[in-house]
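Student: Could you walk me through reading a few features of a model like this one?
Tutor: Gladly; let us look at it together.

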Amino acid sequence: MATLDELGTALVNADKAGDVNAARALAGEITRMRQLAPPAAPAAPAAVEAAPSYDAMGMPTGAEAAAPVQAGMSYGDQMSRVGSALDKGVRLAANGATFGLADKFAGGMDALTGRAPTYDAGVRAQRAETQAVRDANPVAAGAAEAAGGLLTGTGLVKSGVTLAGRGVGMLPRVLGYGVEGGAYGAVHGAGNTYSDRIKDYIEAAKNGGTTGALIGGGLPLVGNAAGGLYRTGAAFLGPRVEGASRGASAMLRAAAQADEAGLRALPGMGPEAMLVDAGPAMLGLGQGAGTGTGAGRTALVDALKTRDNGTGHRLATALDTNLGPAPIPSRIEAGLSGDRAYAGLDYQPLLQNARPTNTRALADQLDDIAIVERGGAQRAAAQVRDMLDGQPLRNAAPGARPPLSDDPAVLLNTREAIDGMLTTEADPNTIRVLTQTRQAVDEELARSVPGIKAVDAQLAESHRQSAALQRGTQVLDGGKTAIRPVELADEVTQGALPQGEMIGPSAAPVRLRQGARAEVDRLVGTNVNDLNALEKKIGTPQDWNSQKLETIFGEEPVANVAKALMDNRRFRQSYQDIVQNSQTAQRVEAAAAMRGSEGGNVPHDVTLTGIGLKALNMVAKAISGASNARTKDEIGNILASQGPAAQRVARALLESARQTGENSRAINRVLSSPYWISATGPGAGRRSTQ
């Protein structure tokens with residue numbers, strides 16, 4: 001058998017001849033023989049001499065003890081072996097950290113210091129020794145190289161030199177990880193190659209890049225799958241839900257994982273909220289339980305029916321709480337009309353003490369208009385002109401032809417007649433003539449009847465309130481005549497300003513609010529069985545109607561009403577899906593998933609909990625043993641709970657879902673960490689050169 005010296009000479013000769021394979025084999029044999037070489041012969045043990053024995057206080061005991069025997073391996077030999085192992089680990093870690101360039105650097109240093117005749121010889125000798133270490137202990141060598149690659153990759157990632165993890169969604173992450181893995185694999189492949197041909201480097205980079213891309217792109221998938229499998233196992237192996245068997249508990253926990261956000265929102269839906277309102281997963285369980293024939297189905301269906309019957313009352317309560325009680329517009333208008341009639345009596349004492357009126361200038365003006373104008377304007381001017389005629393009773397004007405009335409009561413009645421004509425007139429020119437005429441009449445009344453403008457202002461305010469009440473009932477109208485939110489805001493602002501001799505703000509905005517509140521009440525009363533249409537009409541955020549209601553009632557009250565509409569629409573949807581059989585296919589599928597006699601009870605296609613629930617059914621088949629009827633009854637009874645009972649179950653399910661989610665995400669983060677890309681890069685590059 002050749003000695004170590006002979007093998008060393010053969011290694012040098014093989015290197016000079018350029019025989020890489022022979023040099024690699026010789027280096028491996030040298031390393032193996034060094035590891036198997038027996039330790040140096042231990043020194044002869046010192047003569048054992050009797051030594052006096054002492055007690056703990058240092059006093060001689062009179063007995064004798066043998067001197068200790070020296071160790072067989074010296075401390076220097078022990079540290080030499082430890083140093084050799086560390087040297088090998090550092091060699092491989094350095095190659096992993098430098099993308100395979102450490103051997104080339106070491107070979108170059110050997111050439112500079114004279115330990116190798118040429119750079120080529122130095123590199124080949126270093127690569128041969130590195131390969132010998134790999135061959136002697138491939139697992140430890142791979143771990144050392146991975147550690148070196150991880151060290152470099154960690155530094156690059158912390159410096160922001162990374163593409164992994166920047167995308168949102170699985171596909172961008174897979175692509176980012178794949179590109180980065182391919183880059184690491186390509187660099188390691190080229191770095192671990194030593195050849196005179198550029199083609200070899202390109203081929204090694206291509207092979208390393210392919211392997212690295214596959215490894216990197218697979219990391220997010222592996223992490224996601226592992227997290228999903230953990231969620232699956234946790235759903236079945238977690239603690240039982242109160243009042244449920246292990247199989248039913250597994251189904252409820254799996255559904256809670258899918259509907260976690262909905263379960264957290266249940267307290268905000270009020271005491272009537274049920275677990276089936278949390279989302280599609282819980283609703284799927286309710287649909288399955290609704291196909292049973294036992295007490296669980298009865299409890300669930302009765303609870304849903306009772307709740308649905310109270311929809312109108314809940315909405316009315318929400319409206320009264322947030323928008324105030326609903327008035328009846330006809331009664332309000334009757335009161336305003338009565339107020340106007342009572343206020344009209346205030347004209348009589350004013351007229352009795354009034355001065356005679358003088359309408360000569362107005363009469364002449366109307367005569368001229370009747371001559372010039374045509375059509376409705378001409379007829380209106382002539383009609384009002386005739387109203388001014390009459391016997392002068394208070395201040396006769398001889399020679400006036402025709403005689404004009406000087407009674408203020410006649411002129412007041414003329415103004416009221418003009419107001420009546422304006423309410424039915426559509427022609428703009430006629431409206432212009434009547435408006436100008438009324439203004440002239442009003443000015444003459446103010447001159448001849450002191451105090452009349454105060455009564456006018458009181459009646460005008462009443463008319464403004466009536467108009468605002470009517471306007472309020474129209475603010476939610478659609479079509480081309482729909483009022484815009486900004487226009488309504490302007491009307492509300494202007495409506496509060498006093499007019500004429502009124503002191504203080506007008507009550508028109510209050511009447512507008514009452515009209516709008518009455519209209520909301522009408523819409524709810526006529527659409528309580530079509531909550532979708534009702535929500536679109538008054539409860540859709542950013543919609544014109546919603547914005548207009550916020551202008552009238554305030555942002556928070558309207559948001560509360562919209563929330564009540566949304567919650568009750570969800571309640572109605574749960575009722576229809578479970579009781580009225582509006583989704584037969586899903587109900588049948590959910591019921592099939594509950595067939596305990598056939599095994600698993602987790603509806604993986606209904607609950608949408610992701611990867612692994614189908615496998616969980618296979619486990620449940622062997623463990624749960626729950627019957628179909630029993631499972632439906634248990635789930636039906638639990639889903640039928642409301643108020644504190646439902647909240648208690650929801651909290652337990654949420655706590656389980658929270659722990660499961662945190663652990664699942666932690667597993668996903670660890671297994672899909674971008675640091676693994678750099679750790680696997682050396683292996684991907686090295687395989688490309690083999």
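Student: What should I know before I start?
Tutor: This is a predicted model, so local features need pLDDT of at least 70 and side-chain atom pairs count only at pLDDT 80 or more, while totals for chains, interfaces and linings use all residues. Residues are numbered from 1 along each chain as its sequence is written, and side-chain values use heavy atoms, with hydrogens and water left out.

Student: How are helices named, and how do I read the way two of them pack?
Tutor: Helices are DSSP runs (H or I, at least four residues), numbered from the N terminus. Axes are lines fitted to C-alpha atoms, for helices over the stretch in contact, and angles run from 0 to 180 degrees between N-to-C directions. Angles under 35 degrees count as roughly parallel, over 145 as roughly antiparallel, 65 to 115 as roughly perpendicular and the rest as oblique.

Student: At what angle do the axes of H16 and H17 cross?
Tutor: Helix H16 (residues 360-372) and helix H17 (residues 376-387) cross at roughly 150 degrees, with axes that come within 8 Å. H16 is therefore roughly antiparallel to H17. The crossing is left-handed, a term for a near helix turned anticlockwise from the far one by less than a right angle, with clockwise giving right-handed.

Student: Which residues of H16 and H17 meet there?
Tutor: Contact means heavy atoms within 4.5 Å. From H16 come Ala-363, Leu-366, Asp-367, Ile-369 and Ala-370, and from H17 come Gln-378, Ala-381, Ala-382, Val-384 and Arg-385. By class there are seven nonpolar, one polar and two charged residues in this contact. Here Ala, Val, Leu, Ile, Met, Phe, Trp, Tyr, Cys and Pro count as nonpolar, Asp, Glu, Lys and Arg as charged, and the others, Gly among them, as polar.

Student: And how do H9 and H30 cross?
Tutor: The axes of helix H9 (residues 246-258) and helix H30 (residues 643-671) come within 9 Å and cross at roughly 65 degrees. H9 is therefore roughly perpendicular to H30, and their crossing is right-handed. H9 contributes Leu-252, Arg-253, Ala-256 and Gln-257 to the contact, and H30 contributes Leu-653, Ser-656, Ala-657 and Thr-660. The contact of H9 with H30 has four nonpolar, three polar and one charged residues.

Student: Let us turn to burial. What counts as buried?
Tutor: Buried means under 20% relative accessible area, exposed over 50%, and partly exposed in between (1.4 Å probe, protein chains only). Helix H11 (residues 280-289) is mostly covered, with nine of its 10 residues buried. Among them are Met-282, Leu-283, Leu-285 and Gln-287.

Student: Where does Gly-209 lie, and is it buried or exposed?
Tutor: Gly-209 sits in helix H8 (residues 198-237) and counts as buried, because its relative accessibility is 13%. Not counting residues up to four places away in sequence, Gly-209 touches Gly-182, Gly-185 and Ala-186. Its C-alpha atom is separated by 7.0 Å from that of Tyr-184, which is 25 residues apart from it along the chain.

Student: Where is Thr-473 placed?
Tutor: Thr-473 is in the loop between helix H20 (452-472) and helix H21 (485-495). With a relative accessible area of 18%, Thr-473 is buried. Leaving aside residues up to four places away in sequence, Thr-473 touches Gly-515, Ala-516 and Glu-519.

Student: How many salt bridges does a search of the whole structure find?
Tutor: A salt bridge is a side-chain nitrogen of Lys or Arg within 4 Å of a carboxyl oxygen of Asp or Glu, and the search finds 26. In one of them, the side chains of Asp-442 and Arg-415 meet at 2.6 Å, N to O. Asp-442 lies in helix H19 (residues 428-448) and Arg-415 in helix H18 (residues 408-424), so the pair ties together parts that are 27 residues apart in sequence.

How values were computed:
Helix = DSSP H or I, 4+ residues; strand = E, 2+ residues; numbered from the N terminus.
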